[in-house]
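Here is a short tour of one chain, with a few stops along the way. Have the model open beside you as you read.

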Amino acid sequence: MPDIPLAVIALLCLAALAAGWIDAVVGGGGLLLLPVLLLGLPAGTPAAYALGTNKAVAIVGTSGAAVTYARKAPVDVRTAVRIGLAALAGSSAGAFFAAGMSTDVLKPLIMVVLLAVAAFVILRPAFGTAPAPGPATRRQILTAIAPAGLGIGFYDGLIGPGTGTFLVLALTAVLHLDLVTASATAKIVNCCTNAGALAAFAWQGTVLWQLAALMAVFNLAGGTLGARTALKKGSGFVRVVLLTVVFALVGNLAWEQWVA
């Protein structure tokens, strides 16, 4: 592990806690965690190490949130696993393309992603507020498996941040789930994408395991708490958190990119 000051390690752990909570509620915890890792690791550290370490941390919190949701939310585990397997294949492929990406490329991409998510949610105020009218059709499931599973999985391995949010949006749109059920389903799928990407990063040797293990403890606590909060508060709360997180992060990244 590189030489990182204790104060920076403490900040990274707090970010992991907050990211776990955010990721469990609405997805997109990596939108907080990855930029913090990119800033916290010593100058000159390849971006692939931030990406790989982020995956090692996120898979723990995501798994904790998935277990919490599965116990209390009406999740179709079979469908989630099928989408997850497609996403695993996509994320493994994306991770192999990520090794050559630089920090200068990542930050603008993340900002574009955030703004697109915010615009979609604002323009669709009723999006994800009503439960599904009935079981998903075969066509809906195949659509979720192919474009959503493979496509979002590839994005997860390539860049990562916002994957959970994209999954929530895609599952809500394609399978007509409410936001809470979509968040629960997305956690199971996200476990698969994280596993595929992490395997690729581990094979390349770009995971800081000691740092990841410490941060993962905080991420797990945040993920478990976030899932319980979402189940208790409902879809309206999830929507508010989504927009709040998106705009806060856009402002932060814009400041770092063009002002700081």
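## Around valine 207

Leaving aside residues up to four places away in sequence, valine 207 touches Tyr49, Gly52, Thr53, Ala56, Leu198, Phe201 and Ala202 (a contact means heavy atoms within 4.5 Å). Valine 207 sits in the loop between α8 (179-204) and α9 (209-233); helices (H or I, at least four residues) and strands (E, at least two) are DSSP runs, numbered from the N terminus. The C-alpha atoms of valine 207 and asparagine 54 are 8.3 Å apart, although 153 residues separate the two along the chain.

Is valine 207 buried or exposed? Its relative accessibility is 8%, so valine 207 counts as buried (buried is under 20% relative accessible area, exposed over 50%, partly exposed in between, with a 1.4 Å probe and protein chains only).

## About the model

This is a predicted model, where local features need pLDDT of at least 70 and side-chain atom pairs count only at pLDDT 80 or more, while totals for chains, interfaces and linings use all residues. Residues are numbered from 1 along each chain as its sequence is written, and side-chain values use heavy atoms, with hydrogens and water left out.

## The chain as a whole

The chain has ten helices and zero strands. Of its 260 residues, 57% count as buried. Take the contacts between residues at least 6 apart in sequence: 84% of these join residues at least 24 apart.

## One salt bridge

How many salt bridges does a search of the whole structure find? The search finds one, where a salt bridge is a side-chain nitrogen of Lys or Arg within 4 Å of a carboxyl oxygen of Asp or Glu. The partners are aspartate 23 and lysine 187, with their closest N and O atoms 3.1 Å apart. Aspartate 23 belongs to helix α1 (residues 6-26) and lysine 187 to helix α8, so the pair ties together parts that lie 164 residues apart in sequence. Both aspartate 23 and lysine 187 are buried.

Asparagine 219 is in helix α9 and, at 4% relative accessibility, counts as buried. Not counting residues up to four places away in sequence, asparagine 219 touches several residues, including Ala16, Gly20, Val57 and Gly61.

The axes of α3 (residues 47-72) and α9 come within 7 Å and cross at roughly 25°; axes are lines fitted to C-alpha atoms, for helices over the stretch in contact, and angles run from 0 to 180 degrees between N-to-C directions. That makes α3 roughly parallel to α9 (angles under 35 degrees count as roughly parallel, over 145 as roughly antiparallel, 65 to 115 as roughly perpendicular and the rest as oblique).
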